[in-house]
Amino acid sequence: DLSQSDIGQILQTIDISAASSIFIVERSGELIATSTDTPVAITQDEQTVRLTALDSQDETIQLAAQALTTDRADWQDMGDTETLSLTIDDQPHFVRIIPWSDEFGLDWQIVMVVPKQDFMGEINQNVQRTLLLCVAALGLSSLVGILTARWIVQPILKLNQSAKDLAQGQWTTPVIAERNDEVGQLALSFKEMASQLQSSFGLLEQRVQERTVELAEAKDMADQANQAKSEYLANMSHE
């Protein structure tokens, strides 16, 4: 045997959420027990009078009872287990009604009222965590992309600068080739090409200098021949 206060203490041990409520009513609508500290009976004229769910001092129980009996004449019309979504005090709530009876004639309705916000709280937290992880992953991927782009672009920019320096005749500009990928192979090829160009230009300059010396000697010889010719003509004219 359990007293009504014992049943209420049992209901209070059920951990659903801080704003949730559980109450048990008879088919007459009178409260048996609740998970709150509000009484299920009051004393009037030295007599104990049981309260109905509609008269409960707990606002959630009272509003839930009003919402449940709006479309029904009374608690007698509630049959099998039902799960409803009701608006209580402008807040969406999930309400579950479970009938309970035994062979001794007890015929009760167990009602659980859970605010949708509490029910969805953990889900919303998971969504927030997921969004934060997505933002973090996006930021990390962007950072990796930027670093990768710089890792690829920097050698190309250096090759471009080396090409400009070579075009201006600066053969001493180093070509960075400390990589084993395609960019590194391109740098090695560019370095070999620059070396070959430097050798070719050096050989060309040497040949130009030699040709210049030869032309200078030929010019001197031509000047000497012209001078000898002039002297010969002058002598012939005099004679």
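How many aromatic pairs does the structure hold? The structure holds one, where rings of Phe, Tyr and Trp (its six-membered ring) pair if their centres lie within 6.5 Å. The ring centres of Trp 100 and Trp 108 are 5.6 Å apart and the planes stand at 35 degrees, so this pair is tilted; planes under 30 degrees apart count as stacked, over 60 as edge-to-face and the rest as tilted. Trp 100 counts as partly exposed because its relative accessibility is 38%, whereas Trp 108, at 12%, counts as buried. Here buried means under 20% relative accessible area, exposed over 50%, and partly exposed in between, with a 1.4 Å probe and protein chains only.

The model is a predicted one, in which local features need pLDDT of at least 70 and side-chain atom pairs count only at pLDDT 80 or more, while totals for chains, interfaces and linings use all residues. Residues are numbered from 1 along each chain as its sequence is written, and side-chain values use heavy atoms, with hydrogens and water left out.

The predictor's confidence in each residue is given as pLDDT, from 0 to 100. The chain has a mean pLDDT of 81, and 90% of its residues reach 70 or more. Helices (H or I, at least four residues) and strands (E, at least two) are DSSP runs, numbered from the N terminus.

An open sheet is formed by five strands in the order β2-β1-β7-β6-β5, with antiparallel pairing; two strands pair if DSSP finds at least two bridges between them. At the edges are β2 (31-34) and β5, each of which pairs on one side only. From one strand to the next, the twist averages 25 degrees. Six bridges join β1 to strand β7 (residues 107-115) in the antiparallel sense, and Ser 21 has Val 113 in β7 as its bridge partner.

Helix α1 (residues 4-12) packs on the sheet and touches β1, β2 and β7, its direction making about 40 degrees with that of β2. Contact means heavy atoms within 4.5 Å; axes are lines fitted to C-alpha atoms, for helices over the stretch in contact, and angles run from 0 to 180 degrees between N-to-C directions. Helix α2 (residues 59-68) lies across β1, β2, β5, β6 and β7, at about 115 degrees to β5.

Strand β5 (residues 82-88) pairs with strand β6 (residues 91-101) over seven antiparallel bridges. Thr 87 stands opposite Pro 92 in β6. The hairpin of β5 and β6 has two residues between the strands, and Asp 89 takes a positive phi near 55 degrees there.
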